[in-house]
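Subject: Structure handover

Hello,

Here is the structure we talked about. Please open it alongside this note. My findings follow below.

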Amino acid sequence: MFKEFRSLMDINWIFFFLLLVIFWIGEINLYSAANGNFEPWAYNQLKRFLLFLPIFLFILMLQPRFIFNVTEIILITTVIGLIITLFFGYTGMGAKRWIRIGGFNLQMSEFAKIALVLFMAKYFHKLNAEKTIGLLRSILPLIISLIVFILVAIQPDLGTAVIILTLGLIAIFYAGINLIYPILSLIILGISSPFLWTLLKPYQQNRVMIFLNPDLDPLGKGYHIIQSKIAIGSGGMRGNGFLGGSQSSLDFLPEKETDFVFAIFSEQFGFTGSMVILGLFLFLFLIPIFKSFFLTQVFNKLILFVLSFKIFFEFLINISMTIGLVPVVGVALPFMSYGGSSLLSNMIICALLINIMSISEKKRMFS
Amino acid sequence: MEDNKTSKESIKILNRRSFIIIFISVFFSLFVILRLFSLQIINSKFYKKKSIENKVSVKAIPPLRGDIFDNNNNLIAGSTSSYEFVIFKNLNKKFIDELNSLNSILSLDLNLPKMINEINKKNPYVPYKISKAGWDQIVKFEKNKFLFTAIKIQESKKRYYPHKNMSQILGYTGSSSLSSELYPKGVFHIEKTFENILKGKPGKIFNEVNSQGRIIREISIQEPIKGNNLHLTINLKMQDFAQSLLPLTNKGSIVVLNCQDGSILSMNSNPTFNSQAFEDRDNLVIERILSDNSKPLINRAFSGFYPPGSVFKPIPALLGLQKNLINENTEVICKGHSTLKDRNYYCWKKGGHGRVNLKKAIKESCDVYFYELAKKTNIDELSQLATSLGLNQKYDIGLSNPQQGLVPNKKWKKAYLDQGWYLGETLITCIGQGFNLTSPLQLATLYSALINGGKYPKPRIHNDENVSYLGDAFEKKYHDLILESLNAAVLEPSGTAFKLNNLHPNFVKIGGKTGTSQVIRIKEEDREDDLYKSKEVEDRFKDHSVFVGYVPFDKPKYVASVIIENGGSGSAVAAPIAHKALNFAYNLNV
């Protein structure tokens with residue numbers, strides 16, 4: 001079940017340190033979000049990180065083969081978890097997103113992302129395709145993606161659901177579906193979008209309109225994005241300095257410790273700081289993918305690619321949210337937003353990435 | 001678990017696909033970078049400004065209004081503190097309980113449901129005014145202070161007028177309905193005219209506020225600058241004394257003017273009002289003042305216009321002398337009336353004055369002399385001379401709504417009545433009736449002009465205003481003759497105001513001219529019956545009593561002009577009042 005203890009030394013240290021650096025920047029940022037206090041966010045987040053570290057190490061030490069064997073169990077467990085969430089979930093902010101397990105409020109949808117990717121990896125591995133994949137062989141992954149998407153969407157948590165569906169589609173695309181299908185679906189989507197617009201409920205249409213022009217509702221739904229843009233814009237080239245952000249310290253920025261942490265960071269460290277963060281995440285994204293080029297097993301390649309894509313994708317969506325490029329959909333900034341489930345799932349993902357990156361196929365891991 | 005031999009083709013596909021997605025991701029990242037560049041580099045200034053606007057709130061501190069003093073440095077308008085109960089609802093969640101206890105302890109009779117509704121709508125960090133706080137209420141409040149955490153006493157400044165008799169000169173201040181006006185400004189008379197001197201400059205507090213508007217800290221403060229003080233030429237003692245001279249039964253007014261420098265010592269009008277009522281927002285009293293038919297807001301010394309009556313006569317006399325229509329010795333026989341085109345123009349003295357020269361005509365106020373003079377007088381020249389002697393012009397001394405009054409001429413009549421001029425009208429104009437309209441201030445100025453020989457100091461009420469001169473000097477011999485005649489009217493027996501000497505023998509000697517301005521034209525038959533002099537005549541149709549005098553008679557310094565509406569003859573009513581006022585002014589000698 002576990003690797004040899006010695007193999008711990010073979011991990012990709014660069015990736016690991018990159019991870020620590022990003023987490024540490026997140027900690028400093030949470031410290032400044034509380035106007036220079038460890039309490040409550042930075043301290044709690046650090047406590048969680050230390051608490052999750054054994055889980056991180058546990059997954060790091062697992063044999064990939066063991067993971068391969070339990071993907072279906074993981075998927076079924078998370079789907080059951082999602083269903084339980086729907087019926088017995090803990091309601092917050094108008095949605096049932098959390099279930100209570102051992103003193104923690106867990107957001108099952110975060111783990112559903114991992115479970116789905118692992119399932120896909122195993123499915124396409126077993127498919128052992130010679131060339132591109134047809135529609136027929138993509139049906140099962142598509143259906144499973146849609147089931148998870150719907151279970152999350154009706155919580156309702158459209159943001160996470162869209163990310164789950166995206167990950168599913170990316171996995172299918174990566175696995176080699178015939179390019180005709182994705183191109184065809186894009187065309188169909190383009191044509192039918194006016195009809196989809198009429199299917200949206202008025203409040204959803206309203207939300208899109210406000211996204212396109214936040215000034216329509218400057219004190220209501222547009223308030224977040226206006227204040228966030230002010231925070232980021234006022235940072236300028238070099239930022240207002242550590243703890244120098246007035247938008248954050250005077251509470252103009254709502255949800256500053258969760259969805260809008262980037263605005264706090266950017267107000268303090270400016271364009272320069274934003275570019276540094278972007279660079280760090282780009283490295284975090286590209287290192288596993290670079291490694292995946294040297295692997296031949298579909299299971300390994302797909303996990304490395306889609307999971308590292310997941311972190312970068314969430315990063316991009318979150319930043320785009322804060323600068324008004326996409327609507328505010330409630331996607332956390334990996335390792336920087338305050339929140340347990342997001343931190344735990346991203347730590348699990350990184351453990352998986354490090355685990356698989358340390359595979360040397362010369363040693364024939366799967367034998 | 002099978003270790004697949006993945007085909008090379010398949011690996012190629014997978015790697016190619018990852019490049020496509022990396023490419024799309026990087027492409028999207030470029031969008032993010034561009035957007036960040038636009039926000040943080042290109043539009044950074046805009047957002048920095050927005051950020052400062054977010055966090056800095058500016059609050060104005062009203063400046064203290066300048067004080068107003070009389071010519072003896074007595075305060076006549078200042079600022080005082082007033083107190084009110086205010087509530088900060090953020091200081092106590094149970095603020096409604098506090099309101100209830102305040103209401104019952106001080107028995108305030110507040111409309112609580114309405115008030116609570118208003119408070120709930122307001123920003124919690126801005127105090128809400130509950131009511132005015134009097135001293136008794138403040139004492140009670142302090143005794144029960146342990147009950148209140150959200151309710152506080154707040155001080156604010158308001159205008160304070162210690163002397164009621166100054167109201168018709170000072171006016172009052174008021175709050176504007178414009179939201180841009182943060183504090184009261186002058187809306188009437190001196191307070192309005194000298195607003196720019198008095199108002200001062202508001203200060204500013206720059207506060208850093210959080211998203212709820214709560215003040216985090218004070219960034220900086222610009223202290224307000226108090227308005228400049230204003231010094232008036234008005235003398236408080238003179239003003240109070242003159243007011244006491246006006247009979248309460250009649251409307252009337254009195255002006256005392258220093259004819260050497262044009263400064264106005266007092267300017268009273270009856271009925272009057274109290275400016276303080278407007279500052280105290282005493283709505284009951286204000287309503288009463290505004291709805292009063294006797295119009296107490298009007299300062300009749302400045303804004304009351306009447307036919308001047310006989311006090312006008314020196315003007316046609318001077319014109320006659322200047323145009324050689326008459327000289328010192330020209331005589332007219334007065335038989336009680338003069339005839340023009342089958343119409344009789346009567347003298348006030350039924351039996352007539354007999355032989356009358358100019359001095360006697362002024363001293364005894366013979367109307368026939370002036371009717372005869374008028375027959376040769378050009379009305380336009382008369383109007384022009386009257387204007388240069390101070391009538392027929394606006395005095396913008398600082399009171400609201402200055403008016404011009406009227407000394408008629410042909411052009412005016414054509415323009416306003418679309419009629420030609422009749423000689424008969426010149427006759428009644430020359431005795432100060434007809435279209436003539438003058439204010440008491442104008443009459444005082446006219447006599448100041450006569451005393452000064454034509455070139456006279458412009459009347460003024462603002463002490464810092466330089467003395468400036470109006471009018472054109474006329475010949476000294478005419479000047480002497482006219483003053484001699486005016487002195488005779490008071491000092492010589494048979495002068496119209498000679499009675500004054502018996503009334504107050506130890507008062508300082510004055511010169512002056514009586515006037516009786518008719519309110520209605522007397523019918524011929526009534527004149528025969530002497531009915532018009534009887535008590536039967538309704539008060540509102542009685543003549544206005546006018547007197548303009550100066551003191552001392554030989555070297556005049558002060559001029560007083562008195563009008564008592566429907567008071568009767570000038571010698572009986574207005575002259576004694578003017579005599580007392582002039583005597584007072586002379587002894588005051590400011």
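Predicted model: local features only at pLDDT ≥ 70, side-chain atom pairs only at ≥ 80, totals over all residues.

Start with Pro156(A), which sits in the loop between helix H5 (135-153) and H6 of chain A.

Glu39(A) and Pro40(A) are joined by a cis peptide bond, with omega about -10°. Pro40(A) belongs to the loop between helix H1 (13-33) and helix H2 (41-61) of chain A. As a reminder, most peptide bonds are trans, and most residues other than glycine have a negative phi.

That brings me to chain B and two asparagines. Asn401(B) has a phi near 55°, which is positive, and Asn401(B) is not a glycine. Look for Asn401(B) in the loop between helix H16 (379-388) and helix H17 (410-417) of chain B. Asn401(B) has 11 C-beta neighbours inside 10 Å, so Asn401(B) counts as exposed; the cut-off for exposed is 12 or fewer.

Asn566(B) also shows a positive phi, of about 55°, without being a glycine. Its loop runs between strand S21 (558-564) and helix H23 (570-588) of chain B. Here the count is 19 C-beta neighbours inside 10 Å, so Asn566(B) is classed as partly exposed. A buried residue would need 20 or more.

Next, a helix pair in chain A. Helix H9 (residues 223-235) and helix H11 (residues 261-292) of chain A have axes that come within 6 Å and cross at roughly 20°. Angles under 35 degrees count as roughly parallel, so H9(A) and H11(A) are roughly parallel to each other. Their crossing is left-handed. From H9(A), the contact uses Ser228(A), Ala231(A), Ile232(A), Ser234(A) and Gly235(A). From H11(A), the contributors include Ala263(A), Ile264(A), Glu267(A) and Phe269(A). By type, the residues of this contact are 5 nonpolar, 6 polar and 1 charged.

Last, the interface. Chain A places 48 residues in contact with 39 residues of chain B. On the chain A side, the elements giving two or more residues are helix H3 (64-88), helix H6 (158-175), H9, helix H10 (246-249), H11 and helix H12 (298-322). Which of them gives the most? H12(A) does, with 8 residues. The chain A side divides into 23 nonpolar, 18 polar and 7 charged residues.

Best wishes

Definitions and conventions. Residues numbered from 1 in each chain as written. Chains lettered and ligands numbered in written order. Axes fitted to C-alpha atoms, helices over the stretch in contact; angles between N-to-C directions. Helix = DSSP H or I, 4+ residues; strand = E, 2+ residues; numbered from the N terminus. Parallel < 35°, antiparallel > 145°, perpendicular 65-115°, else oblique. Left-handed = near helix turned anticlockwise from the far one by under 90°. Contact = placed C-beta atoms within 7 Å. Nonpolar A, V, L, I, M, F, W, Y, C, P; charged D, E, K, R; others polar.
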